Amino acid sequence: MCNDRYIIEQKQAEKAAQKSHALLDKLAAQVPGTIYQFQLFPDGRSCFPFASEGIQDMYEVTPEQVRDDAALAFSRIHAEDVAAVSAAINESASNMQAWVQEYRGDLGVALTDVVGMDAFLADFDLYFAKLF
């Protein structure tokens with residue numbers, strides 16, 4: 001009987017998580033630009049564990065395409081701005097300070113006011129929740 005109760009509670013928790021995720025997706029769809037979570041690894045790799053559909057308008061990538069590797073999104077940053085954007089991200093990560101910067105995308109759109117909120121995980125990976 002204890003096992004049945006655990007299974008019921010587990011299914012209820014999964015339903016609640018799905019409902020919360022669906023609400024987040026609906027809210028994010030109403031925000032101009034994109035909402036995303038950016039993860040920078042100690043080895044320099046990065047990814048977007050969460051990105052709203054608005055990322056397609058900014059980088060011409062789907063959330064699924066950048067969930068495990070941000071390289072495709074970074075390839076959409078104007079070639080003359082890539083080094084400055086990378087340096088600013090690394091400086092923000094090392095100082096744990098907000099990142100505010102303007103840079104151009106290959107779509108001709110100015111990407112502005114990227115403000116990050118930091119958080120450390122137990123394994124010292126960095127997460128940046130971004131809101132354009």
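# Note on a predicted model

1. With a relative accessible area of 13%, Asp 81 is buried, because the cut-off for buried is under 20%. The residue sits in the loop that runs between α4 and α5. Leaving aside residues up to four places away in sequence, Asp 81 touches Tyr 103 and Arg 104. A further distance concerns Gly 105: the C-alpha atoms of Asp 81 and Gly 105 are 8.6 Å apart in space, while the two residues are 24 apart in sequence. The model is a predicted one, and this applies to every point below.

2. Next, the chain as a whole. The protein chain holds 5 helices and 6 strands. Read from the N terminus, their order is α-β-β-α-α-α-α-β-β-β-β. Of the 132 residues in the chain, 32% are buried. The accessible surface of the chain is about 8500 Å², and carbon and sulfur atoms account for 56% of that surface. Taking contacts between residues at least 6 apart in sequence, 39% join residues at least 24 apart.

3. Which residues of α5 are buried? They are Val 85, Ala 88, Ile 89, Ser 92 and Ala 93. Viewed down the axis of α5, these buried residues fall within an arc of 130 degrees, so they line one face of the helix. Ala 83 and Ser 94, on the other side of α5, are exposed. Just after the helix comes Met 96, which takes a positive phi of about 55 degrees.

4. Now the aromatic rings. The whole structure contains 3 aromatic pairs. One of them is formed by Phe 38 and Phe 48: the pair is edge-to-face, at 5.4 Å centre to centre, with 65 degrees between the planes. Phe 38 belongs to strand β1 (residues 35-40) and Phe 48 to strand β2 (residues 46-51), and the pair links these distant parts of the chain, 10 residues apart. Both Phe 38 and Phe 48 are buried.

5. Phe 38 also pairs with Phe 74. This pair is tilted, with 6.1 Å centre to centre and 50 degrees between the planes. Phe 38 lies in strand β1, whereas Phe 74 lies in helix α4 (residues 71-74), so the pair ties together parts that are 36 residues apart in sequence. Phe 38 counts as buried because its relative accessibility is 4%. The aromatic cluster to which Phe 38 belongs is made up of Tyr 36, Phe 38, Phe 48 and Phe 74.

6. What does Phe 48 touch, not counting residues up to four places away in sequence? The list is Tyr 36, Gln 37, Phe 38, Ile 55, Val 66, Arg 67, Ala 70 and Ala 73. Phe 48 has a relative accessible area of 3% and is therefore buried. Between the C-alpha atoms of Phe 48 and Asp 69 the separation is 7.1 Å, although these residues are 21 apart along the chain.

7. Is Ser 52 buried or exposed? Ser 52 has a relative accessible area of 4%, so it is buried. The residue is placed in the loop between β2 and α2 (55-59). Not counting residues up to four places away in sequence, Ser 52 touches Ala 28, Gly 33, Thr 34, Ile 35 and Pro 63.

8. The other loop residue is Glu 60, found between α2 and α3 (63-66). Its phi is near 55 degrees, a positive value in a residue other than glycine. Glu 60 is partly exposed, as its relative accessible area is 48%.

Notes: Residues numbered from 1 in each chain as written. Predicted model: local features only at pLDDT ≥ 70, side-chain atom pairs only at ≥ 80, totals over all residues. Heavy atoms only, no water. Buried < 20%, exposed > 50% of the residue type's maximum accessible area, 1.4 Å probe, protein only. Helix = DSSP H or I, 4+ residues; strand = E, 2+ residues; numbered from the N terminus. Arc of directions from axis to C-beta. Contact = heavy atoms within 4.5 Å. Areas by Shrake-Rupley, 256 points an atom, 1.4 Å probe, with all protein chains shown as cover. Phe/Tyr/Trp six-rings, centres within 6.5 Å; stacked < 30°, edge-to-face > 60°.
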